[in-house]
Amino acid sequence: MTGTDAGVVIVGSGVAGATAAQTLRADGYDGPVTVVGAEPGLPFRRTALSKDLLAADLSPERIALQKPAFWAEKDIEIRGGTTVVDVDPAARSVRLSDGTALGYRALILATGGQPIRPDWLADDVPALRTVADAERIRGAIVESGSLVVIGGGLIGLELAASAAAAGHRVTVLEAGDRPMSRVVPPVLSGFLADLHAAHGVDLRLRSAVVRATAGEVELADGTVVHGTVIAALGMTPDVALAAAAGAEAGRGGVVVDPSLRTGVAGVYAAGDLAAVPDPRSGEPMRCEHWFGALDQGAAVARTVLADLAGTPAPVFAEVPRAWTMQYGVNVQLVGRPAGEGEVAVDGDLAPAADGRPSATVRVSGPEGLRGAVTVGRAAAARELRAEIAAVAAGAAV
């Protein structure tokens, strides 16, 4: 089963897995490529679900990563609605939920993660993960006219902005003391809080939830908030398959080397579940953003090709990047701008005469620039990312 007829098996049909498959073909691999995905249908752009949920066209042809004919033309087999239930790294084979066994020369795990669901969250409270989730949530918001988002992170604020812009009543409940605290410095949290307040969103910080159902949320102080409830509490990496294969895996993700190899021969990981060594500290770190999965999908494919050819594999020196559009304001994140550091603001975060702010927020440490956020300056983010990459390369020497 592990002979030359075996090919590359990719577990996960999100952007990391799909990009890995496309890169294998684009870079000349002519063996079998199989993508196994739990969701039915062909790979799609998951970002379409949150960027503007109330107005987005979620038809398959609109959100597809590629036209259906593409996968057949590239001879990439997509097995949607299927999961891998067992992996045998010694035999280099996987067993699928339909009973099929597939041999592999290389196995790429791009299984992503699952929404966090605390004990106080009822089963009927949706989290935004699939197209079916998005359609159900959108219908419920339109019917009720109100939205209650539990979680003030990136996805939670995007959902809030979409609903508020469509004229619905919106409440955001955030347990921390500021929104998007995991990814932006305090000055940006304040800007985002003011932006949402200006559009009528009721953002409640330090809100401890003790009970949540599809129609109401109860807080620790006894307050009850009514509306269509959505959980936007982040995700945990889906590491079960990697752990079963013998890879080092836990709540922090699947540990990989700088070329995205796990410690198991022939097994690789990319996307939301991969804990990649930080170029500066060497510590394993995950990136839960679309662009990170895109970049890692391409990088892991090139490592696989190098390993199959017996040539040196490229090193993936990640500089995270993400973006969000809220109320027409474009916000770009590069590097790691959250946490301790010297913060410098160039420009004005207050709306200009045209109603749009324009600013760059730089976050630097002792070694130099380590993260930045641009508001209304999308083009500047590319230059800042290159600067961060140069600093990181110097720190890694």
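**Reading helix α6 and its surroundings**

Trainee: Which elements do the buried residues of α6 pack against?

Mentor: The buried residues of α6 pack against α2 (48-51), β8 (146-150), β9 (169-173), α7 (186-198), β14 (228-231) and β21 (321-326). Contact here means heavy atoms within 4.5 Å, and buried means under 20% relative accessible area, with exposed over 50% and partly exposed in between, for a 1.4 Å probe and protein chains only. This is a predicted model, in which local features need pLDDT of at least 70 and side-chain atom pairs count only at pLDDT 80 or more, while totals for chains, interfaces and linings use all residues. Residues are numbered from 1 along each chain as its sequence is written, and side-chain values use heavy atoms, with hydrogens and water left out.

Trainee: How many helices and strands are there in the protein chain?

Mentor: Helices (H or I, at least four residues) and strands (E, at least two) are DSSP runs, numbered from the N terminus. On that basis the protein chain has 10 helices and 25 strands.

Trainee: What span does α6 reach from its first C-alpha to its last?

Mentor: The expected span of a helix is 1.5 Å times one less than its number of residues. Helix α6, with 12 residues (154-165), reaches 16 Å, close to the 16 Å expected, and just after this helix Gly167 takes a positive phi of about 95 degrees.

Trainee: Is α6 mostly covered or mostly uncovered?

Mentor: An α-helix has 3.6 residues a turn, so residues three or four places apart point the same way. In α6, 10 of the 12 residues are buried, which leaves the helix mostly covered; among them are Leu154, Glu158 and Ser162.

Trainee: What does Leu154 touch, beyond residues up to four places away in sequence?

Mentor: Leu154, which has its place in helix α6, touches Met180, His289, Thr324 and Gln326 when those sequence neighbours are not counted.

Trainee: Where does Thr23 lie, and which residues is it in contact with?

Mentor: Thr23 lies in helix α1 (residues 15-26) and, leaving aside neighbours within four places in sequence, is in contact with Ala298, Ala301 and Arg302. With a relative accessible area of 8%, Thr23 is buried.

Trainee: Which residues other than glycine have a positive phi near 55 degrees?

Mentor: Asp75 has a positive phi of about 55 degrees although it is not a glycine, and phi of Tyr327 is likewise near 55 degrees. Asp75 is found in the loop between α4 (68-73) and β3 (76-80) and is exposed, with a relative accessible area of 55%. Tyr327 is found in the loop between β21 and β22 (329-335), and it counts as buried because its relative accessibility is 16%.

Trainee: What radius of gyration does the protein chain have?

Mentor: The radius of gyration is taken over C-alpha atoms, and the globule rule is 2.2 Å times the number of residues to the power 0.38. For 397 residues a compact globule would have a radius near 21 Å, so the 22 Å of the protein chain agrees. Of these residues, 50% count as buried, and among contacts between residues at least 6 apart in sequence, 61% join residues at least 24 apart.
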